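Hi,

Here is the structure I promised to pass on. Have a look first, and my notes follow below.

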Amino acid sequence: MTHIMKKSKTGYTPRVTVFSSRKDTNNPTYLQDATVIATEISKAGYGINNGASLSGLMGVVAKTAHETGGHVYGIALSDYESVPHKYLEEYESYKFHTDRQHRLIELGDAYIALPGAIGTFHEILDVHLLNILGEMNKPLVLVGEYFNRYRDLIESFENEGLMHTDTTPLFYANDGAEAAAIVTKYFDSLIEEDYYPATFYPALTSDQIYKHISETVREYQILFEKIVMTVFPGVYPSNRFRSSRLFAKFVREYSKGKIVADLACGHGAMGLVALDAGATEVVMSDINPIAVQNAKCNLSNSENNGKGVVFESNLFEKIPSIYKNHFDVIFFNPPFQNEKLKKTDSSLAHAFKTLPDEESVLVKFLSTAKEYLAKDGVIYLGFSNKDLDSLHLLETTLTEKNYTFDIAEITNTETVADTRIYKITYTG
């Protein structure tokens with residue numbers, strides 16, 4: 001059973017972050033509330049984030065949501081959940097509590113707290129405080145009699161005259177059903193408002209995406225197309241882009257037995273997927289020196305590391321000539337926003353901006369790619385209609401450079417920016 005996820009016009013699905021214990025409990029009320037919340041949120045077509053543990057109430061929420069067709073995004077502490085369990089659709093892992101706490105909170109559009117100990121109360125206090133400070137305005141729902149002690153604490157602050165003005169949308173729900181109803185009603189209103197957060201990259205400008213990614217200061221792990229990979233600070237994280245997730249499925253489908261090139265490889269996402277799918281050889285390149293080191297790190301941790309190599313290169317510029325007429329498949333997932341790079345931008349900025357002039361990454365790629373294709377070789381290129389000028393540049397250049405192309409797949413057509421895969425061959 002899979003429920004259809006509700007989406008706004010931008011394509012965003014609201015998500016609730018559920019705080020709860022990692023430690024197992026036999027309390028039937030707690031177990032029932034966790035089960036009901038996971039079931040009702042999933043049935044309503046909304047997503048769930050939690051702390052990624054398979055034990056405790058976290059595990060109950062994840063297992064129940066998965067089995068009822070829901071979608072759970074686990075945000076883990078790497079020392080405790082170093083690999084994702086089977087009930088998580090998405091996964092990120094952080095070494096430090098502060099990084100993991102930040103991500104759990106920023107991914108939530110509302111918050112539900114089930115019983116837990118110090119960690120859970122810390123999470124509640126963080127959300128409550130951010131609301132008081134005006135850094136967010138998001139509902140916080142505490143479930144059951146367990147949280148009467150929190151209500152008593154807040155009331156004692158107020159009675160002592162120590163509490164600042166508090167406009168937090170704070171709810172004390174009697175049970176899981178009431179908590180789920182509060183959140184789903186709120187999410188329904190977000191859908192009507194066409195809401196999306198600063199974490200939803202398809203609706204953001206390249207500068208906004210660039211700024212958000214640049215705020216990351218420590219490496220972390222992600223689950224991407226069934227593989228756990230490390231992402232360094234200053235590198236494009238493939239799991240956060242729906243275009244990359246769609247593209248990776250094509251990489252997995254068309255790499256077996258092939259010699260593959262992965263251009264603008266970032267942390268090596270597509271190249272690693274190609275190797276995992278059975279590619280016989282993979283060559284990766286990126287203009288960003290940090291991404292190159294990141295890809296080399298991930299490749300070295302792969303059981304297929306002997307079949308891959310990574311170059312620091314602006315497209316094909318520094319890829320040795322021995323690779324000409326070599327590749328059965330070239331995968332390229334370029335930026336698709338038609339903006340001019342600032343001189344102050346770091347190499348990371350190249351991941352988000354398609355130059356509209358003679359330095360265009362599209363023009364440069366298509367001018368040279370044909371030289372590296374083997375006989376009957378194919379290019380798969382991921383793109384979007386997010387910027388129509390950039391889309392026009394791509395299709396015009398394909399024609400001018402004597403390529404034949406068709407759209408192999410297109411999704412998210414009902415949203416502000418579709419996601420598409422071009423299948424490209426060179427006709428000479």
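Strands here are DSSP E runs of at least two residues, and helices are H or I runs of at least four, numbered from the N terminus.

Before you read on, this is a predicted model, where local features need pLDDT of at least 70, side-chain atom pairs count only at pLDDT 80 or more, and totals for chains, interfaces and linings use all residues. Residues are numbered from 1 along each chain as its sequence is written, and side-chain values use heavy atoms, with hydrogens and water left out.

Back to β8 (residues 220–224): five of its five residues are buried, so the strand is largely enclosed by the rest of the structure. Buried means under 20% relative accessible area (1.4 Å probe, protein chains only). Y220, I222 and F224 cover one side, while Q221 and L223 cover the other.

As for neighbours, β8 runs antiparallel to β9 (residues 227–231), with five bridges between them; two strands pair if DSSP finds at least two bridges. In the hairpin they form, two residues sit between the strands, and E225 has a positive phi near 45°. Strand β4 (residues 90–94) is also antiparallel to β8, through two bridges, and E92 has I222 as its bridge partner.

Elsewhere there's an open, mixed sheet of seven strands, ordered β12-β11-β10-β13-β14-β16-β15. β12 (308–312) and β15 (403–411) are at the edges with a single partner strand each, so one side of each has no neighbour in the sheet.

Within that sheet, β10 (residues 259–263) and β11 (residues 281–286) are parallel over five bridges, and I259 stands opposite E281.

Cheers

Key: Buried means under 20% relative accessible area, exposed over 50%, partly exposed in between (1.4 Å probe, protein chains only).
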